[in-house]
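Student: Could you take me through a close look at the sheet in this one, and what packs against it?

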Amino acid sequence: MDDTAEFNQKIDKLELEIFTRLPESLRLISKTHFTPVRIAQLAAEWLTEDGPKKILDIGAGSGKFCIAGAMENESFFYGIEHRESLVDIANTMIESFGLKNAKVLHQNILEVILLYLLLFF
């Protein structure tokens, strides 16, 4: 098997693993609303090409970007999501993959921005 075929098979496997861990209600919308693994890993690679970083995914949803990035990278992937039910799903999936470099937080991004603006004023 050549490198491209092996890469595609690996991506397809992770895409399926994430898909099967989603609740049925999210599976129905996953192709439309969630970042494909291939794109998430490419973005993570691009963002960290000069070394590990702390990366923030705003509107993390089910945590798919954080999961895909953390699986291929030493960087730490934080997600911010305002829907608590999605935060629970994301962190459950992160734990099920045994990832130590990803976490999704239940927060409104505007509150996070205001918090840091107030601290640095």
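**The sheet and its helices**

Tutor: Let's start with a helix: α4 (residues 64–71) lies across β1, β2 and β3, running at about 180 degrees to β2. Helix α5 (residues 84–96) lies across β2 and β3, at about 165 degrees to β3. Those angles run from 0 to 180 degrees between N-to-C directions, with axes as lines fitted to C-alpha atoms, for helices over the stretch in contact; contact means heavy atoms within 4.5 Å. Helices (H or I, at least four residues) and strands (E, at least two) are DSSP runs, numbered from the N terminus.

Keep in mind that this is a predicted model, where local features need pLDDT of at least 70, side-chain atom pairs count only at pLDDT 80 or more, and totals for chains, interfaces and linings use all residues. Residues are numbered from 1 along each chain as its sequence is written, and side-chain values use heavy atoms, with hydrogens and water left out.

Now the sheet itself: three strands, open, in the order β1-β2-β3, with parallel pairing. Because β1 (54–58) and β3 (102–106) stand at the edges with a single partner strand each, one side of each has no neighbour in the sheet. On average, neighbouring strands are turned by 20 degrees against each other, direction ignored. Strands count as paired if DSSP finds at least two bridges between them; β1 and β2 (residues 76–81) have five, in the parallel sense. Ile 58 stands opposite Ile 80 in β2.

Stepping back, the protein chain has six helices and three strands, and along the sequence they follow α-α-α-β-α-β-α-β-α.
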